[in-house]
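Here are some notes to read alongside the model. Have it open while you go through the points.

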Amino acid sequence: MKNNASLVYNACLIVGDFLALVAAFVAAYILRVKLDPRPLIEPIHALPYLGIFLTVLPFWILIFALLGLYNSNIYEVRFREFGRLLIGSFIGLLFLVFWNFLSSKPIFPARLVPIYGFALAFVFVVLYRNVARMIRTELFSYRIGLTRVLLVGNTNMTRELIGSLINSTRSGYRVMGVVGGKQSVGDYEVPLYTTFKQFLEAQPNADLHGIIQTELYAVESRNAEILTYAQEHHIGYRFVPGNSELFVGNIEVELFRSSVPVITVHQTSLFGWGRIVKRLSDLLFGGILLIVASPIMFVVALLNLVTGVGSVFFRQERLTRFDQKFKVFKFRTQYKKYDGTTPEEAFEMMGKPELAKKYRENGDFLPNDPRVTPVGRFLRAISLDELPQLINVVRGDISLVGPRALIPQELAVYKKRHTILSVKSGITGLAQVSGRRNIGYEERRTLDLYYVQNWSLRLDLIIMGKTIGAVFRREGAK
């Protein structure tokens, strides 16, 4: 978009990062050389050291640029920016070490200098960027540096966009108006225009930075008018499909048959190399966990046999990727007569249908579930009943992380079930580590959808880490 404020902010980030890195390595030199009495490898004076570092520093900034740290889609998302800064700082450190290796003379007076420099560089850059963000937000409150946009179309997506942009202090955007046929965009106070021409006549000096179109007109010339105006005036143009289903999964733009530009919408970002990596990690971690858990599983199996509650394992038909049915392995925790029944059917069998409603309202949990055996309550309390599912993981039925494997009857009522079933189900998942006792059925499925559409190996690792913590804290066990 044609917005000088964004360019100025990017320039400030580059200059600030440069100064933060200089400050970090100057501080590293002082800490090790001036304040630490231990002997040095090479007596390098401050000015030659600083001169060498200033020569290398532009390459460090280039590394930041290649990682996208000066792109708005990175620096406007704190967690993403934080991760990229850590990676960039580490790569920068490796570059300095490699430079030192190739140099005829050492560039560091001691081995701890680059280590101190790396740690301080990361801290200083993060601190600077947070201060820069605070100053930018403060300027937004005075309408300085705002990106002025026009929305074309009056759909549900338009209203959703207005809701996310209307608070200029938080979004950094100012909505100049909405071009659409309807007379209202909800409760938002935004100027409405019937046609694009009417907007240009009403605000000839609007100085737009961007146009976001959420609805294509049936008459192609009207669409061409808007796009041509954006191109002639060097204004950013974006098209947002009114059908929100187009936003799920992974979106890819490619040339079909080498000539026709098409947009490919994948149901999930878990495809290609991702599926291979996920399967290998399931085999590796699942196999290790199965070996480690084998003695515990043996003891639990004996406990189930001694108490005589029925078979050791409970096997039930569940759904996984591509609507495939499989038999899930779990240690038996319920009385055998309730096998193969939904909670509603089981509570109906015992003449207590009112418990089904309490069960669903409480996040599929009852403190004293009458279907569960005494031993089963103990196993559920510390999540030992889930251990046999490691067999399903190694077999390839499910993954360690994924949407909860549900029985066909439960999932049949959910209209977006096919999106959830575009990946393998899992032992644990985003819904489980987000407080499954405290959220309802619909919210759990929404979290499952988010996982499917936004899968990454990092997300899997985060979920597994949170699962370990939840097990030790006995959170969410049923």
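1. Start with Val-149, which stands opposite Val-175 in β2. The two strands here are β1 (residues 147-152) and β2 (residues 173-179), which pair in the parallel sense over 6 bridges. Two strands count as paired if DSSP finds at least two bridges between them. Strands (E, at least two residues) and helices (H or I, at least four residues) are DSSP runs, numbered from the N terminus.

2. A word on what you are looking at: this is a predicted model, so local features need pLDDT of at least 70 and side-chain atom pairs count only at pLDDT 80 or more, while totals for chains, interfaces and linings use all residues. Residues are numbered from 1 along each chain as its sequence is written, and side-chain values use heavy atoms, with hydrogens and water left out.

3. Now zoom out to the sheet. It is open and has 5 strands in the order β3-β2-β1-β4-β5, with parallel pairing. The edges are taken by β3 (192-193) and β5 (236-239); each has a single partner strand, so one side of each lacks a neighbour in the sheet.

4. Which helix lies across β1, β4 and β5? That is α9 (residues 220-232), and it runs at about 155 degrees to β4 (210-213). For the angle, axes are lines fitted to C-alpha atoms, for helices over the stretch in contact (heavy atoms within 4.5 Å). Angles run from 0 to 180 degrees between N-to-C directions.

5. On to charges. A search of the whole structure finds 13 salt bridges, each being a side-chain nitrogen of Lys or Arg within 4 Å of a carboxyl oxygen of Asp or Glu. One of them joins Glu-81 and Arg-129 at 2.8 Å, N to O. Glu-81 sits in helix α4 (residues 78-102) and Arg-129 in helix α5 (residues 112-141), so this pair ties together parts 48 residues apart in sequence.

6. Glu-81 also forms a salt bridge with Arg-133, with the closest N and O atoms 2.6 Å apart. Here again helix α4 is linked to helix α5, this time across 52 residues. Glu-81 and Arg-129 are both buried, meaning under 20% relative accessible area with a 1.4 Å probe, protein chains only. Arg-133 is buried too.

7. Finally, have a look at Asp-397 and Arg-395, whose side chains meet in a salt bridge (3.4 Å, N to O). Buried or exposed, what is Asp-397? Asp-397 is buried, at 16% relative accessible area, whereas Arg-395 is exposed (over 50%), at 51%.
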